[in-house]
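Here is a short briefing on a protein model. Look at the sequence and the structure first, then read on.

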Amino acid sequence: MNEMIRLENVNKMFGDLHVLKNVNLTVAEGEKLVIIGPSGSGKSTTVRCMNFLEEPTTGKVFIAGQEMTHKNKRQLVRDNMSMVFQQFNLYPHMTVLKNLTLAPMKLHHKSKEEAEALAYHYLDVVGLRDKAHVYPATLSGGQQQRIAIARALCCQSRIILFDEPTSALDPETIQEVLDVMIKLASENITMVVVTHEMGFARKVADRIVFMADGQIIEEGTPEHFFEDAQNPRVQQFLGKILKH
Amino acid sequence: MDELFSPEAWQKLWTYRATFLTGFGNTLRTAAAALLLALVLGFLFGLMAASGKPLLRALARVYVECIQNTPVVLQMCFLYYVLAFSSVKTDIIATGIVSLGVYTGAYMAEVVRAGIGSIPKGQFEAAQSQGFGYFSTMWRIILPQSIKIILPPMVNQMVNLIKNTSCLYIVGGADLISLTYSFVTGASTGGAYAPAYILCGVLFFCICYPLSHLATRWETVLKRRESQQHLKEAA
């Protein structure tokens, strides 16, 4: 399988705070990678380094074999990746349809008709076609996140990064978002998902990476991870999170 | 109180009405051109101040601090007399436009900077994660959202700008206040203080008041658009 994302000895400092410590990670094309770990472990920073929302202090990031730099980051991001955020980050001054068609029209040079056709297609995928003409503020959190996923899909990126997509949601709307993500997982999109949803991880992940203190300390298939991970940090974490 | 109701004084005003209209016209022309300059400078320096680049931020800071911490009258004198005595040909209208434009621009820059600063970081990140560059992020995503925050203080600055044309009196301007002053102190026209200043005030009010209210209305509409349900759904 082709490699899509590779982090090479990535370190990230926020002032004196050493957030990522020599992270090495490769994600294959079409792979569903789930990153879990306690808060403050560097999971979010890791995915944010993948699209240079955070530029690594040292180390390299490769996307589809090309090294990402300050200069080419915009192009590489535009051509390859989208992101779904914890806080949705829909553009509040635009209708749902405008949110979905903005990047395809302005960055991917699609005509209005093409972009709208694409938008309606992905609105169907997330089950919100009837919301095309409303403003984001009128939607529930779960609906906003499904729109955010549709927005990411409209760019037809090969990679979608999810940074705790359900952490800001009410419990009763989490599942509708997870269902959409499970549906996506059957396609050949490379997905990197930071989440606390263990059920989702078990069901969808090809591989799970466990991070603590800025390092990857365990990785493997869901079976390996949930059944016979030996690392005490992992067991401690799973013990806490699976209890409730 | 006699003079306030003296028919002669009001009659004099009517005879010389063209003076006031000329002054009013000059004030509006100066203000309009200065506003244009102020908006350009305001957005330019506001964007510089909001950018992450230390050099650009420092430049914007210097401009804003120098202009905001010296009186506009001094800036006008500086511009007018310094140029006049450096044998550069000066024009009173141009002096007004440049000095008021530069002065108001500093306040506009602060308004723009604050407006951009009020937009959540997530909006910048969403744009960046789609591959938008700095200028298209600003133009399509950040500025449209900050308009409703920028607008009310910006219109206040516009109103101030119109009123500040009166400072041009110090360099012998041709604006409404300067001409009103010439009128009431003039050898042939003098005396009608109350009617002249009342008319002058009415003219200022007539232009400033609608402006403030227009902005308030616009702000309400923009705010409502985002928070209210729009039932334009495809049926």
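This is a predicted model: local features need pLDDT of at least 70, side-chain atom pairs count only at pLDDT 80 or more; totals for chains, interfaces and linings use all residues.

Chain A and chain B bury about 2500 Å² between them. Chain A also holds an open sheet of six strands and an open sheet of four strands.

**Where the chains meet**

- On one side, 31 residues of chain A take part, and they are in contact with 25 residues of chain B.
- Of the area buried between chain A and chain B, 55% lies on carbon and sulfur atoms.
- Tyr91(A), His93(A) and Tyr135(A) supply 23% of the area that chain A buries against chain B. That is more than any other three residues supply.
- The size of an interface is often given as the accessible area lost when the parts come together.

**Polar and charged links across the interface**

- The rule finds one salt bridge across the interface of chain A and chain B.
- Which side chains meet in a salt bridge at 2.7 Å, N to O? They are those of Arg48(A) and Glu125(B).
- Eight residue pairs are in polar contact between chain A and chain B, counting pairs with both residues at pLDDT 80 or more.

**What chain A brings to the interface**

- Three elements of chain A each give two or more residues to the side that touches chain B: helix 2 (73-80), strand 6 (81-84) and helix 3 (96-106).
- Helix 2 of chain A gives the largest share of that side, with four residues.
- By class, the side of chain A that touches chain B has 17 nonpolar, six polar and eight charged residues.

**The six-stranded sheet of chain A**

- The strand order is 6-7-8-3-9-10, and the pairing is mixed.
- Strand 7 (residues 159-163) and strand 8 (residues 190-194) of chain A run parallel, joined by five bridges. Here Ile159(A) stands opposite Thr190(A) of strand 8.
- Strand 9 (residues 207-212) and strand 10 (residues 215-220) of chain A pair in the antiparallel sense over five bridges. Phe210(A) stands opposite Glu218(A) in strand 10.
- The hairpin of strand 9 and strand 10 of chain A has two residues between the strands. In this hairpin, Asp213(A) takes a positive phi near 50 degrees.

**The four-stranded sheet of chain A**

- This open sheet has the order 2-1-4-5, with antiparallel pairing.
- Its edge strands are strand 2 (17-28) and strand 5 (66-67) of chain A, and each pairs on one side only.
- Strand 1 (residues 3-14) and strand 4 (residues 58-63) of chain A run antiparallel, joined by five bridges.
- Arg6(A) has Phe62(A) in strand 4 of chain A as its bridge partner.

Note on methods: Residues are numbered from 1 along each chain as its sequence is written. Chains are lettered from A and ligands numbered from 1 in the order in which they are written. Side-chain values use heavy atoms; hydrogens and water are left out. Contact means heavy atoms within 4.5 Å. Buried area is the accessible area (1.4 Å probe) that two parts lose on being put together, summed over both. A salt bridge is a side-chain nitrogen of Lys or Arg within 4 Å of a carboxyl oxygen of Asp or Glu. A polar contact is a pair of N or O atoms within 3.5 Å; within protein, one must be able to donate a hydrogen and the other to accept it, and residues adjacent in sequence count only if both atoms are side-chain atoms. Ala, Val, Leu, Ile, Met, Phe, Trp, Tyr, Cys and Pro count as nonpolar, Asp, Glu, Lys and Arg as charged, and the others, Gly among them, as polar. Two strands pair if DSSP finds at least two bridges between them.
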